[in-house]
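Q: Hi! Could you walk me through this model?

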Amino acid sequence: MLRGSCLCGAVAFTAGPPEGRAIACHCIECRRQSGHYFAAVPVAKDSVTFDCDDGLTWYRASGIATRGFCTRCGSTLFWRGDAGANVHVLMGSLDGETGLKLGAHVWVREQGDYCEIGGDLPQLQES
């Protein structure tokens with residue numbers, strides 16, 4: 001199981017286990033929301049439970065998904081597609097050591113020109 005929270009603690013959750021590989025998303029929406037690309041891991045939507053969700057809100061950024069964040073501190077926490085059984089939990093919100101590793105970079109065709117991807121992980125032009 002994974003545990004996590006926002007910066008101020010107004011959202012605290014348990015989720016997991018991971019349902020697939022963690023990704024680094026470089027799409028324009030993720031970059032605008034987080035200030036850079038974001039790293040997230042998929043978990044089953046029904047595995048997410050909240051110890052506290054006082055600050056949680058969901059924003060519809062596109063016609064296919066909503067993004068969860070804390071209204072108090074602004075922490076980006078989730079990406080939830082309308083279709084499918086998973087929600088992506090942002091890895092920066094997770095507590096302690098997770099043992100998780102990135103498995104791929106996605107939407108690299110939209111990456112910022114300031115970002116240089118290194119290493120040997122797969123780089124997918126879209127998702």
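This is a predicted model: local features need pLDDT of at least 70, side-chain atom pairs count only at pLDDT 80 or more; totals for chains, interfaces and linings use all residues.

A: Happy to. Residues are numbered from 1 along each chain as its sequence is written, and side-chain values use heavy atoms, with hydrogens and water left out.

Q: Thanks! Which elements each supply at least two residues of the lining of the largest pocket?

A: Those are E3, helix H1 (28-34) and E7. H1 gives the most, with 3 residues. A pocket here is an open set of points on a 1 Å grid over the protein atoms alone, where a 1.4 Å probe fits, with protein on both sides within 12 Å along at least five of seven lines; lining residues have an atom within 4 Å of a point.

Q: How much space lies in the largest pocket, and which residues lie nearest its centre?

A: About 490 Å³, where grid points are joined across faces, edges and corners and the volume is the space filled by probe spheres set on the points. The lining has 19 residues, and Cys 25, Trp 79, Val 106, Trp 107 and Ser 127 lie nearest the centre.

Q: What is the lining like by class?

A: It has 12 nonpolar, 3 polar and 4 charged residues. In this scheme Ala, Val, Leu, Ile, Met, Phe, Trp, Tyr, Cys and Pro count as nonpolar, Asp, Glu, Lys and Arg as charged, and the others, Gly among them, as polar.

Q: What about the phi of Trp 107?

A: Phi of Trp 107 is near 55 degrees, a positive value in a residue other than glycine. Trp 107 sits in the segment after strand E10 (102-106). Most residues other than glycine have a negative phi, and most peptide bonds are trans.

Q: Speaking of peptide bonds, which residues does a cis one join?

A: Gly 16 and Pro 17, with omega about 5 degrees. Pro 17 belongs to the loop between strand E2 (11-15) and E3.

Q: On to the strands. Why is E4 described as largely enclosed?

A: Because 6 of the 7 residues of E4 (residues 38-44) are buried, the rest of the structure largely encloses this strand. Buried means under 20% relative accessible area, exposed over 50%, and partly exposed in between (1.4 Å probe, protein chains only).

Q: Which strands does E4 pair with?

A: Strand E3 (residues 22-25) pairs with E4 in the antiparallel sense over 3 bridges, and strand E9 (residues 86-90) runs antiparallel to E4 with 5 bridges. Two strands pair if DSSP finds at least two bridges between them. Ala 24 is opposite Ala 39 in E4, and Ala 44 is opposite Asn 86 in E9.

Q: Now rings. How many aromatic pairs are there?

A: The count comes to 3. Trp 58 and Phe 78 form a stacked one, 5.6 Å centre to centre with 25 degrees between the planes. Trp 58 lies in strand E6 (residues 56-60) and Phe 78 in strand E8 (residues 76-81), so the pair ties together parts that are 20 residues apart in sequence. Rings of Phe, Tyr and Trp (its six-membered ring) pair if their centres lie within 6.5 Å; planes under 30 degrees apart count as stacked, over 60 as edge-to-face and the rest as tilted.

Q: Are those two buried or partly exposed?

A: Phe 78 is buried, at 1% relative accessible area, whereas Trp 58 is partly exposed at 28%. Ring pairs also link Phe 13, Phe 50, Trp 58 and Phe 78 into a cluster.

Q: What is Thr 66 in contact with?

A: Leaving aside neighbours within four places in sequence, Thr 66 is in contact with Trp 58, Tyr 59, Arg 60, Phe 78, Trp 79 and Arg 80. Contact means heavy atoms within 4.5 Å. Thr 66 is in strand E7 (residues 65-70) and is buried, with a relative accessible area of 9%.

Methods. Helices (H or I, at least four residues) and strands (E, at least two) are DSSP runs, numbered from the N terminus.
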